[in-house]
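Keep the 3D view at hand as you read.

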Amino acid sequence: MSAEIICVGTELLLGDILNTNVQFLAQQLASLGIPHYYQSTVGDNLERLQQVIEIASKRASILIFTGGLGPTPDDLTTEAIANFFKTPLVERPEIVVDIAQKFASIGRKMTPNNRKQALLPEGAEVLPNPGGTAPGMIWQPRPGLIILTFPGVPSEMKRMWQETAVPYLKSQGWGKEIIYSRMMRFRGIGESALAEKVAPLLDLTNPTVASYASLGEVRLRVSTKASSQAEAIASIEPVAQQIRDLAGLDYYGSDDDTLASVVGRLLREAKETVSVAESCTGGGLGAMFTTVAGSSDYFIGGVIAYDNRVKISLLGVNREDLEQFGAVSHPVAQQMAAGVQKQLKTNWGLSITGIAGPSGGTQTKPVGLVYIGIAAPDGTAQSVEYRLGAMRDRGSIRSLAAANALDLLRRRLLTRKS
């Protein structure tokens with residue numbers, strides 16, 4: 001007994017629209033404890049739609065459609081479903097009235113093609129759409145199979161789901177359990193290295209543990225099925241604690257935590273402040289800090305120092321060191337961090353200097369070479385070299401450099417606490 005999400009629209013296949021509906025529905029299914037093993041996306045084509053329905057109806061007991069409910073000829077979802085199950089379409093007068101009233105409320109007259117949206121398979125129930133003209137349907141074309149259809153407009157789909165679909169599914173016996181997950185986040189360790197550390201836990205069946213990699217970080221999803229969130233948390237927490245113990249400082253947070261929010265929390269707890277001096281990231285590090293509400297409690301400001309004259313005049317970088325070692329070097333990174341710490345009178349100073357590309361690299365200093373400096377409250381300044389890869393694009397290098405600076409500060413704050 002599982003559900004399958006079927007998204008309809010050629011614009012989705014072309015990449016013209018980001019498909020946020022499927023993410024929302026997947027999360028909602030998990031909250032109802034409904035297993036969900038497949039997602040399909042199909043264009044506005046009657047034959048291919050029916051092929052997808054044929055496959056999905058054999059492997060799932062709930063089919064959830066989004067898109068293809070509009071008034072135009074290429075809106076084919078309802079027609080395809082009715083054709084596949086050899087059921088005639090019937091115009092529903094109450095839908096015609098509803099559409100006409102919605103047009104009248106904005107001073108417009110319903111056009112004839114909107115009557116298409118009032119056609120539903122014989123025997124289907126209306127799934128009301130309070131926010132638009134395209135209603136959905138709830139239909140059981142055969143025993144053991146439920147079909148739900150929604151428009152592709154996210155705001156309309158979400159409201160219809162919450163107001164009608166969820167109560168209906170619960171009335172059918174779904175929603176007695178939940179699938180609960182915790183996403184644990186790690187930085188400074190590769191996916192394979194983390195998987196090796198937690199290898200025995202990857203074979204668990206309840207909770208389950210699975211790994212994911214993204215730019216600069218690795219995630220472990222710990223999931224379980226339970227009758228309540230409290231029961232799920234009690235099941236997950238011992239496994240999560242084992243993972244935290246194995247990962248050490250490489251673990252930085254879970255679920256909605258970000259590096260910026262974690263670092264901000266640590267700074268606020270310590271009643272300390274930070275400032276930044278940025279070269280290759282051009283303000284990206286400061287922007288990460290300020291994504292967190294209330295960051296003005298601890299983030300004081302920064303200096304964007306691309307030109308060496310700014311490094312010298314505002315940050316106090318030694319001219320001779322710039323000439324001898326270059327702007328992308330350990331000494332300059334350290335002096336930039338100490339300089340902004342002094343100028344803005346903060347407890348901590350962070351700096352970034354590097355070569356983001358695509359040009360500017362040399363054999364000894366390739367694209368992707370970054371130095372991150374950190375000035376501590378005790379007056380010391382250190383720096384770390386990162387080689388972020390010449391094959392990465394400029395944006396990725398800049399993002400990684402800023403995130404690595406946050407992570408460096410996080411580790412220093414935690415190490416000092418311990």
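The largest pocket has a volume of about 1100 Å³. This is a predicted model, in which local features need pLDDT of at least 70 and side-chain atom pairs count only at pLDDT 80 or more, while totals for chains, interfaces and linings use all residues. Residues are numbered from 1 along each chain as its sequence is written, and side-chain values use heavy atoms, with hydrogens and water left out.

What is a pocket here? On a 1 Å grid over the protein atoms alone, a pocket is an open set of points where a 1.4 Å probe fits, with protein on both sides within 12 Å along at least five of seven lines; lining residues have an atom within 4 Å of a point. A volume is the space filled by probe spheres set on the points, which are joined across faces, edges and corners.

Of the 31 residues lining the largest pocket, Ala 26, Ala 30, Ile 179, Ser 181 and Arg 221 are the closest to its centre. Two or more lining residues come from each of helix H2 (20-31), strand E2 (36-42), strand E9 (178-187) and strand E11 (217-226). Helices (H or I, at least four residues) and strands (E, at least two) are DSSP runs, numbered from the N terminus. Which element gives the most to this lining? H2 does, with 8 residues.

In the second largest pocket, Gly 67, Gly 68, Pro 151, Gly 152 and Val 153 lie nearest the centre, out of 27 lining residues. Strand E1 (3-8), helix H1 (10-13), H2 and helix H6 (154-171) each supply at least two residues of that lining.

| Pocket | Volume | Lining residues by type |
|---|---|---|
| Largest pocket | about 1100 Å³ | 11 nonpolar, 13 polar, 7 charged |
| Second largest pocket | about 390 Å³ | 11 nonpolar, 11 polar, 5 charged |

Now for the rings. The structure holds 5 aromatic pairs; rings of Phe, Tyr and Trp (its six-membered ring) pair if their centres lie within 6.5 Å, and planes under 30 degrees apart count as stacked, over 60 as edge-to-face and the rest as tilted. The rings of Phe 84 and Phe 85 are edge-to-face because their planes stand at 90 degrees, with the centres 4.9 Å apart. Phe 85 also forms an edge-to-face pair with Trp 139, at 5.7 Å centre to centre and 85 degrees between the planes. Phe 85 lies in the loop between helix H4 (77-84) and strand E4 (89-91) and Trp 139 in strand E7 (residues 136-142), so this pair ties together parts 54 residues apart in sequence. Phe 84, Phe 85 and Trp 139 form one aromatic cluster.

Are these residues buried or exposed? Buried means under 20% relative accessible area, exposed over 50%, and partly exposed in between (1.4 Å probe, protein chains only). Phe 85 is buried at 15% and Trp 139 is buried at 6%, whereas Phe 84 is partly exposed at 24%.

Finally, look at strand E13 (residues 274-278), where Ala 277 is found. Ala 277 is buried, with a relative accessible area of 0%. Not counting residues up to four places away in sequence, Ala 277 touches residues including Val 303, Leu 315 and Met 336, where contact means heavy atoms within 4.5 Å.

Key:
Ala, Val, Leu, Ile, Met, Phe, Trp, Tyr, Cys and Pro count as nonpolar, Asp, Glu, Lys and Arg as charged, and the others, Gly among them, as polar.
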